Amino acid sequence: MSEIDKMDLNATINPRRQSWVASANDPSCDFPIQNLPFGIFSDNSNPLARVGVALGDAIVDLTVLADHGLLPQAREVFACSTLNDFILLGQLQWRDLRIRLSTLFDRDNSTLRDDPKLRDISLIAQSDARLYLPVDIPGYTDFYSSKEHATNVGLMFRDPKNALLPNWLEIPIGYNGRASSVVVSGTPINRPQGQIKRPDSDRPVYASSQKLDIELEVGFIVGSNTTLGEPIQCEHAENHIFGMVLLNDWSARDIQQWEYVPLGPFNSKGFATTISPWIVTLDALEPFRCNQPAQLPEPLSYLHHIGQHGFDIRLEVDLRGAEDSEADTITRTNFRHMYWTMAQQLTHHTSSGCNVRVGDLMGSGTISGPTPDSYGSLLELTWNGQRPLTLVSGEQRTFLEDGDEVGLRGWCQGHGYRVGFGSCLGKIVPAVGRG
Ligand code: MN
């Protein structure tokens with residue numbers, strides 16, 4: 001980018017910039033003019049799924065703005081039911097569009113503000129819209145990058161004296177997950193069934209999971225296709241990331257405990273993963289960079305990067321039982337606690353020569369903080385069911401019951417505004433019988 005473009009890009013994160021879309025200036029709104037996250041939506045007036053940007057309580061219909069020659073790109077990349085074609089255009093184009101939108105919706109820009117007819121057809125109320133999975137996801141990888149989470153799991157299931165396995169401090173541990181079952185916020189989650197081996201019997205049974213759990217995670221969406229055989233360099237890795245979403249990696253702990261040796265989780269994780277509908281770009285998250293935790297031993301040189309690669313993202317989980325009028329916030333934590341950075345995860349993923357593709361989803365791993373009220377799973381919050389949670393309603397929970405609704409929330413707190421992720425909801429419904 002030229003110097004002038006850099007100035008324009010910096011202006012998009014200016015905390016003082018306000019929009020003529022009044023709801024975007026509410027300090028508690030997830031979608032101020034500094035955010036501009038991308039998603040896929042339709043509405044009653046136009047049932048075709050297409051690309052939009054969240055702003056205040058509205059969605060900017062990019063096909064309409066492109067039709068009127070107000071965007072750097074042609075309408076074709078926005079008249080799509082996924083963001084993949086737009087993402088494939090590359091980082092310069094993402095930034096060009098961001099700068100254009102930030103300018104168009106600036107309080108002092110009259111182009112759209114003073115054109116009521118165009119304004120009305122280009123802004124759709126979020127309450128009237130349906131949101132879809134924002135990308136076609138060729139592959140889903142889940143990491144295991146919270147030192148606190150890995151330590152807690154080691155304490156529970158392995159040797160408490162050696163809770164962290166020796167490879168954990170050298171490798172951003174991950175496994176290849178299941179892309180076909182990634183769903184958008186609001187999709188009901190059927191209670192999974194599988195092989196469960198009870199301690200008092202010799203053989204497993206095939207049954208509904210009784211230890212259905214959440215995993216509070218964030219995910220990043222890969223922004224470019226890489227070449228088979230060519231590793232990404234760690235210092236450039238963030239250029240290959242389009243943006244981030246909230247991610248709930250639903251997990252069946254009883255199925256997991258029986259199946260995970262020797263090759264790791266399979267059906268216990270593959271039945272569903274929920275993500276939030278809006279992808280928040282790294283450009284929007286730039287003001288919220290922070291130091292990653294100190295890494296000891298020093299990682300191998302291919303995992304070195306200089307500067308700040310952590311992000312200060314506040315995270316909360318709400319749980320609401322079927323009969324409860326209000327939700328309980330069961331955990332509060334922060335993405336900044338993560339030991340391995342997204343750049344290191346992506347670098348490690350391609351370090352063997354494995355290629356990645358536009359739309360690939362990479363989960364952070366369960367995000368647990370250092371204190372018991374900041375753990376990112378019920379497994380840890382209830383210590384494998386030994387310490388039930390008491391909800392506001394007086395009900396107790398170890399793991400999820402049918403009818404429970406879980407919502408993740410995430411936001412970066414600025415001065416007088418927040419860059420938020422919207423909602424990531426899922427409700428548990430009973431298991432379906434075998435067809
Ligand atoms: Mn996970």
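**Burial, pockets and a manganese site**

Biologist: In this predicted model, Asn35 has its place in the loop between helix 1 and strand 1 (38–43). Why does Asn35 count as buried?

Modeller: The relative accessibility of Asn35 is 0%. Buried means under 20%, and Asn35 therefore counts as buried.

Biologist: Which residues is Asn35 in contact with, leaving aside its neighbours within four places in sequence?

Modeller: The contacts of Asn35, with those neighbours left out, are Asp30, Arg98, Val280, Ala284, Val419 and Gly420. Each of these has a heavy atom within 4.5 Å of Asn35, because that is what contact means.

Biologist: Phe78 lies in another loop, the one between helix 2 (62–67) and helix 3 (84–88). Why does Phe78 count as buried?

Modeller: For Phe78 the relative accessibility is 0%. Not counting residues up to four places away in sequence, Phe78 touches Arg50, Val51, Leu62, Thr63, Ala66, Leu71, Gln73, Phe86 and Leu97. Between Phe78 and Asp61 there are 8.7 Å from C-alpha to C-alpha, at a sequence separation of 17 residues.

Biologist: What makes helix 11 (residues 342–350) mostly covered?

Modeller: Eight of the nine residues of helix 11 are buried. They are Met342, Ala343, Gln344, Gln345, Leu346, Thr347, His349 and Thr350. As buried means under 20% relative accessible area, each of these eight falls below that limit.

Biologist: Which residues of helix 7 are buried, and what do they pack against?

Modeller: In helix 7, the buried residues are His149, Ala150, Asn152, Val153, Gly154 and Met156. Their packing partner is helix 12 (378–381).

Biologist: Which elements each supply at least two residues of the lining of the largest pocket?

Modeller: Strand 6 (140–143), helix 7 (147–157), strand 7 (174–176) and helix 8 (253–259) do. Helix 7 gives the most, with four residues. The lining has 29 residues, and Tyr144, Val153, Gln256, Tyr260 and Pro265 lie nearest the centre of the pocket. The space in the largest pocket is about 670 Å³, and its lining has 14 nonpolar, eight polar and seven charged residues.

Biologist: How do you know that the lining of the second largest pocket draws residues from domain 1 (3–132) and domain 2 (140–429)?

Modeller: Each of the two domains supplies at least three residues of that lining. By element, helix 1 (3–11), helix 4 (91–104), strand 14 (241–248) and helix 10 (282–285) each contribute at least two, and helix 4 gives the most, with four. Of the 19 lining residues, Leu9, Arg95, Leu282, Asp283 and Glu286 lie nearest the centre. The volume of the second largest pocket is about 340 Å³, and its lining divides into seven nonpolar, five polar and seven charged residues.

Biologist: How many residues of domain 1 are in contact with residues of domain 2?

Modeller: 29 residues of domain 1 are in contact with 27 residues of domain 2. The C-alpha centres of the two domains lie 29 Å apart.

Biologist: Why is the space lined by Gln292, Pro293, His309, Gly310, Phe311, Phe335, Arg336, Met338, Trp340 and Thr341 called a cavity?

Modeller: A 1.4 Å probe fits in a cavity but cannot get out, whereas a pocket is open. A search of the whole structure finds one cavity of 30 Å³ or more. The lining of the largest cavity divides into five nonpolar, four polar and one charged.

Biologist: What makes Asp142, Glu215, Glu217 and Asp249 donors of the manganese ion?

Modeller: The OD atoms of Asp142 and Asp249 and the OE atoms of Glu215 and Glu217 lie 2.1 to 2.2 Å from the manganese ion. The cut-off for a donor is 2.8 Å, and these atoms therefore count as donors. Along the chain the donors follow the spacing D-x72-E-x1-E-x31-D. Asp142 in strand 6 and Glu215 in the loop between strand 12 (212–213) and strand 13 (216–222) are 73 residues apart, a pair that links distant parts of the chain.

Biologist: Is Asp142 buried or exposed, and is Glu215 buried or exposed?

Modeller: Asp142 and Glu215 are both buried.

Key. Residues numbered from 1 in each chain as written. Predicted model: local features only at pLDDT ≥ 70, side-chain atom pairs only at ≥ 80, totals over all residues. Heavy atoms only, no water. 1 Å grid on protein atoms, 1.4 Å probe; cavity = no way out; pocket = protein on both sides within 12 Å on 5 of 7 lines; lining within 4 Å. Points joined across faces, edges and corners; volume = space filled by probe spheres on them. Nonpolar A, V, L, I, M, F, W, Y, C, P; charged D, E, K, R; others polar. Domains from an automatic or database assignment. Buried < 20%, exposed > 50% of the residue type's maximum accessible area, 1.4 Å probe, protein only. Donors = N, O, S within 2.8 Å, 3.2 Å for Na, K, Ca; no water.
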